[in-house]
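Subject: Handing over a structure

Dear colleague,

I am passing a structure on to you, and below it you will find what came out of going through it. Please read the text with the structure open beside it.

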Amino acid sequence: MAGPAAFWSRRAARVTMSYVLIVGPPAVGKATVAREVARLTGFRLVPSTLTAEMLLDVFRRSERPFSRLHVEFQQRILEEAAAAGVSLVSTAAWAFNEELDWAISRSRFEAVRIHGGKTFIAELEAPFVTRLVRNHFPDRVRAKPNQQATLTDDVMREMEAKYRLSSDSGELDEFGPYLRIDTTRVSAGEAARLIVAGFGLPLTG
């Protein structure tokens, strides 16, 4: 009788995964849009908040184990999903002026591609003043109970000054299909439908 490894190897040979990464600055609507994409497509949802909230029960964000484990957990989930042919939608606040963020993203996309998967990037944008208002939306606060200290307006201003949180034109072309969506006057559902249609993703049901 074949063991678990053989089972997963055969399954991965039959099914390839799709990985949709939704990027953008804080409070632009990444997690809400990702949830809608997952609902429309049946893809599994793995927002960055998932691992961050768990780790903040144990470590402070400023402590080295938090950053290391946050990256490792997200990477391992993606690797296992790619090997098993499980499609994912995930989120990230990508600092485009930080080499570490580029290295993390390249590692994730490579994990998908070595298993024959497909990668897609949807970048969300909205004016800073709009995001400051959204930063206090009750749904956002409830979804991130352990991250309240990092959700202040002052922290967002510091991030805005320190990091380049929007990509330049053509900068992400190396990673495959790409969409940029201004969410200022677009609902999460509308943004999700644009992503699904733009990438030709399958719909559930």
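In what follows, Ala, Val, Leu, Ile, Met, Phe, Trp, Tyr, Cys and Pro count as nonpolar, Asp, Glu, Lys and Arg count as charged, and the others, Gly among them, count as polar. The model is predicted, so local features need pLDDT of at least 70 and side-chain atom pairs count only at pLDDT 80 or more, while totals for chains, interfaces and linings use all residues. Residues are numbered from 1 along each chain as its sequence is written, and side-chain values use heavy atoms, with hydrogens and water left out.

The cavity

A cavity here is a set of points, on a 1 Å grid over the protein atoms alone, where a 1.4 Å probe fits but cannot get out, and its lining residues have an atom within 4 Å of a point. Grid points are joined across faces, edges and corners, and a volume is the space filled by probe spheres set on the points. By this rule there is one cavity of 30 Å³ or more, and the largest cavity holds about 50 Å³ of space. Its lining consists of Tyr 19, Val 46, Gln 74, Ile 77, Leu 78, Leu 88, Ser 90 and Arg 108. By class, that lining has five nonpolar, two polar and one charged residues. Helices (H or I, at least four residues) and strands (E, at least two) are DSSP runs, numbered from the N terminus. Helix H4 (64-84) and strand S3 (88-92) are the elements that give two or more residues to the lining, and H4 supplies the largest share, three residues.

The nonpolar cores

A nonpolar core is a set of buried Ala, Val, Leu, Ile, Met, Phe, Trp, Tyr and Cys residues joined through side-chain atoms within 4.5 Å; buried means under 20% relative accessible area, exposed over 50%, and partly exposed in between, with a 1.4 Å probe and protein chains only. The largest such core has 21 residues, of which Val 20, Ile 22, Val 33, Val 37, Val 89, Ile 195 and Leu 201 touch the most other members. Strand S1 (18-23), helix H2 (30-41), strand S4 (118-125) and helix H9 (188-199) each give two or more residues to this core. Apart from it lies another core, of 20 residues, among them Met 17, Val 23, Leu 78 and Phe 96.

Contact means heavy atoms within 4.5 Å. Leaving out residues up to four places away in sequence, Val 37 touches Ile 22, Gly 42, Val 89, Ala 192 and Ile 195.

The salt bridges

Side chains of opposite charge can pair when their charged atoms come close. A salt bridge is counted when a side-chain nitrogen of Lys or Arg is within 4 Å of a carboxyl oxygen of Asp or Glu, and the count comes to 13. In one of them, Arg 131 pairs with Glu 160, the closest N and O atoms being 3.0 Å apart. Arg 131 lies in helix H6 and Glu 160 in helix H8 (residues 153-162), so this pair ties together parts that are 29 residues apart in sequence. Arg 131 is buried, with a relative accessible area of 2%, whereas Glu 160 is partly exposed at 34%. Another salt bridge joins Asp 154 to Arg 157, with the closest N and O atoms 3.2 Å apart; both residues lie in helix H8, three residues apart, about one turn of the helix.

With regards

Methods
1 Å grid on protein atoms, 1.4 Å probe; cavity = no way out; pocket = protein on both sides within 12 Å on 5 of 7 lines; lining within 4 Å.
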